[in-house]
Amino acid sequence: MKPSTSNAFHIKTKIWIENDHKDLLFGKGKTDILEQIEQEGSIAKAAEKMGLNYKKAWSHIKILQNNIEDELVVSQKGRGVGSGTILTPKAKELIENYRQLQKDIEDFADKRFQELFKQ
């Protein structure tokens, strides 16, 4: 017999990537920071939009860069044309792969939840 549930029940998943020491390397928060940097063209503006201080946002980026041993952002100092921060192709690849993994896991979880709880 399947457990009785109302239509108000929903499955939720949370996905993150850790190293062998169980340090959080990549997840929704770091993905969001990178996406905001891409939209804003600035680490400072991205941090502000997310309610973080610049140091915290930069710390997230440095942790990622140190663990994957690759550059994720390129900054041009100044205030004129060409200044600001852009994502490297590696950063864009990480975002795309994380979002795909997240979607695949959520799709599987939703399907399995339906099989187990909604029959």
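Mentor: One term before we start: a salt bridge is a side-chain nitrogen of Lys or Arg within 4 Å of a carboxyl oxygen of Asp or Glu. Also keep in mind that this is a predicted model.

Trainee: Okay, how many salt bridges does a search of the whole structure find?
Mentor: The search turns up 8 salt bridges. One of them joins the side chains of Lys 28 and Asp 32, at 2.7 Å from N to O.

Trainee: Where do Lys 28 and Asp 32 lie?
Mentor: Both are in helix α1, 4 residues apart, and that is about one turn of the helix.

Trainee: And is Asp 32 buried or exposed?
Mentor: Asp 32 is buried, because its relative accessible area is 18% and the cut-off for buried is under 20%. Lys 28 has 49% relative accessibility, so it counts as partly exposed.

Trainee: Why would two side chains pair up like that?
Mentor: In general, side chains of opposite charge can pair when their charged atoms come close.

Trainee: Which residues are linked with Lys 28 and Asp 32 in a network of salt bridges?
Mentor: Glu 35 and Arg 99 belong to that network too. The side chains of Glu 35 and Arg 99 meet in a salt bridge of their own, 2.7 Å from N to O. That pair links distant parts of the chain, with Glu 35 in helix α1 and Arg 99 in helix α4, 64 residues apart. Glu 35 counts as partly exposed at 23% relative accessibility, and Arg 99 counts as partly exposed at 25%.

Trainee: What does Lys 111 form a salt bridge with?
Mentor: Its partner is Glu 115, and the closest N and O atoms are 3.4 Å apart. Lys 111 and Glu 115 are separated by about one helical turn, because they sit 4 residues apart in helix α4. Lys 111 counts as exposed at 53% relative accessibility, while Glu 115 counts as partly exposed at 27%.

Trainee: New topic. Which residues touch the most other members in the largest nonpolar core?
Mentor: That core has 18 residues, and the ones touching the most other members are Phe 26, Leu 34, Ile 37, Ile 43, Val 73 and Leu 87. Helices α1 (28–40), α2 (43–50), α3 (54–68) and α4 (89–117) each supply at least two residues of the core. The largest share, 4 residues, comes from α4.

Trainee: What does Leu 87 touch?
Mentor: Leaving out residues up to four places away in sequence, Leu 87 touches Leu 34, Ile 37, Glu 38, Leu 72, Val 73, Lys 92 and Ile 95.

Trainee: Let's do α3. Which residues in α3 are buried?
Mentor: Ala 57, His 60, Ile 61, Leu 64 and Gln 65. Seen down the axis of α3, these buried residues fall within an arc of 130°, so they line one face of the helix. On the other side of α3, Lys 55 and Asn 66 are exposed.

Trainee: What covers the buried residues of α3?
Mentor: The cover includes β2 (24–27), α1, α2 and β3 (73–76).

Trainee: What is at the start of α3?
Mentor: There, a side-chain oxygen of Asn 53 reaches to within 3.1 Å of the backbone nitrogen of Lys 55. After α3 comes Glu 69, whose phi is positive, near 55°.

Trainee: Last one: which residues in α2 are buried?
Mentor: Ile 43, Ala 46 and Ala 47. They cover an arc of only 100° around the axis, which puts them on the same side of α2. Glu 48 and Lys 49 are exposed on the other side of α2. What covers the buried residues of α2 includes α1, α3, β3 and β4 (84–87).

Technical notes: Residues are numbered from 1 along each chain as its sequence is written. This is a predicted model: local features need pLDDT of at least 70, side-chain atom pairs count only at pLDDT 80 or more; totals for chains, interfaces and linings use all residues. Side-chain values use heavy atoms; hydrogens and water are left out. A nonpolar core is a set of buried Ala, Val, Leu, Ile, Met, Phe, Trp, Tyr and Cys residues joined through side-chain atoms within 4.5 Å. Buried means under 20% relative accessible area, exposed over 50%, partly exposed in between (1.4 Å probe, protein chains only). Contact means heavy atoms within 4.5 Å. The arc is that of the directions from the helix axis to the C-beta atoms. A polar contact is a pair of N or O atoms within 3.5 Å; within protein, one must be able to donate a hydrogen and the other to accept it, and residues adjacent in sequence count only if both atoms are side-chain atoms.
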